[in-house]
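Have a go at each task before you read its solution.

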Amino acid sequence: MNVLLSSASNKVPLLRALQCAVKRIDNKGIVTAGDLSSQVLTRHFCDVFWQMPPTKQENADEIIAQLKRRSITHVLPSRDGELLFWARLKNDLKSANIHVLISNESAIELCLDKLRFGQCSMPFIIPSFESIEEVKTVVQDTQPLHYVVKERFGAGSKAVGLNLNENDAVQHAKGLSSPIFQLFKAGKEISVDAWLTKDHLVKAAVCRVRDLVVNGESQITYTLPNCPFTAQVTQTLSNLALSGPVVLQGIINDGALHIIECNSRFGGASTLGIKAGVDSLYWSLCESIGVDIDSLPVDLASHKITQIRAATDYYL
């Protein structure tokens, strides 16, 4: 087994979790870290490093040839911007016995488009609009409204405007290339790490609170055992026809879950999900080689677990 972690960058915790999952299946298995840059931290922790060409369609033939030459058996994409590239290659690569461990193209497209995601008419999802006028048409409220304004496409929290009045929301939108508007919901921000089978069935999900977030990624996060929103999460993820590891983002407001968006990939802090019992990387690998997923146990932690991400020194 030779698993490529694509866009490995500085995702050392993900790399090491993937190495552990591989070794549980194949003691001689390895993880190849792939990235456009040679100056990434994962280069020093992986079994093999590959400085890859950009994951763009014009490089597809070269990348496929390299996958075969390097005897890659699996690909785990880890960046939003490359998900569609790999999803569109899934069938061709499968015929070459190379498994891509993400959802299908249509499900990924829906999750990447925050406007379409917010207009898919599913319960619990916060609606998205292209203008404030649309929001006010739908929401009949005599009180002044407050808004979230963000880019329709792309990841990252720097371009997001939170809890803005109408004038500030309009001004913030002028600085975005394709802005969308949502009603602001105050409350506790949570993530849900989940894993779904290729038939879009949720095997397990763990809710966690994003206690300290830096550049959109949790640096301190803790689990919520016996989360009361598991049924809503399971219903939503299955309806989205997702598969493999995913991360749902939401807000708990007045005891209710309001879903913001969904990342159709392993999340930046989803290693806590593995620690809490959502064995997503191992399950993805097992399913790809024909293991009966139902035969694999689920043992979710019954106690709160806190994950703190801090810089550590290594000596080579």
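**Exercise 1.** How are H2 and H3 oriented to each other: roughly parallel, roughly antiparallel, roughly perpendicular or oblique?

*Solution.* Before starting, note that this is a predicted model, in which local features need pLDDT of at least 70 and side-chain atom pairs count only at pLDDT 80 or more, while totals for chains, interfaces and linings use all residues. Residues are numbered from 1 along each chain as its sequence is written, and side-chain values use heavy atoms, with hydrogens and water left out.

Step 1: find the elements. Helices (H or I, at least four residues) and strands (E, at least two) are DSSP runs, numbered from the N terminus. Helix H2 covers residues 60–69, and helix H3 covers residues 80–95.

Step 2: take the geometry. Axes are lines fitted to C-alpha atoms, for helices over the stretch in contact, and angles run from 0 to 180 degrees between N-to-C directions. The H2 and H3 axes come within 12 Å and cross at roughly 55°.

Step 3: classify. Angles under 35 degrees count as roughly parallel, over 145 as roughly antiparallel, 65 to 115 as roughly perpendicular and the rest as oblique. H2 and H3 are therefore oblique to each other.

Step 4: look at the residues that meet. Contact means heavy atoms within 4.5 Å. Ala60, Ile63, Ile64 and Leu67 of H2 touch Phe85, Trp86, Leu89 and Leu93 of H3. Ala, Val, Leu, Ile, Met, Phe, Trp, Tyr, Cys and Pro count as nonpolar, Asp, Glu, Lys and Arg as charged, and the others, Gly among them, as polar. The contact of H2 with H3 has eight nonpolar, no polar and no charged residues.

**Exercise 2.** Is Trp86 buried or exposed?

*Solution.* Trp86 lies in helix H3.

Step 1: apply the cut-offs. Buried means under 20% relative accessible area, exposed over 50%, and partly exposed in between (1.4 Å probe, protein chains only). Trp86 has 0% relative accessibility, so this residue counts as buried.

Step 2: list its surroundings. Setting aside neighbours within four places in sequence, the contacts of Trp86 include Leu4, Met52, Ile63, Leu67, Leu93 and Ile102.

**Exercise 3.** Which residues make the contact between H3 and H4?

*Solution.* Step 1: start with the axes. H3 and helix H4 (residues 105–112) pack at about 160°, with their axes 9 Å apart. The two helices are therefore roughly antiparallel.

Step 1: name the residues. H3 brings Asp80, Leu83, Leu84, Ala87 and Arg88, and H4 brings Glu105, Ile108, Glu109 and Leu112.

Step 2: sort them by class. The contact of H3 with H4 divides into five nonpolar, no polar and four charged residues.

**Exercise 4.** Where is Ser9 found?

*Solution.* Step 1: Ser9 sits in the loop between strand E1 (2–6) and H1.

Step 1: check the backbone. Most residues other than glycine have a negative phi. Ser9 is not a glycine, yet has a positive phi of about 50°.

Step 2: Ser9 is partly exposed, with a relative accessible area of 27%.
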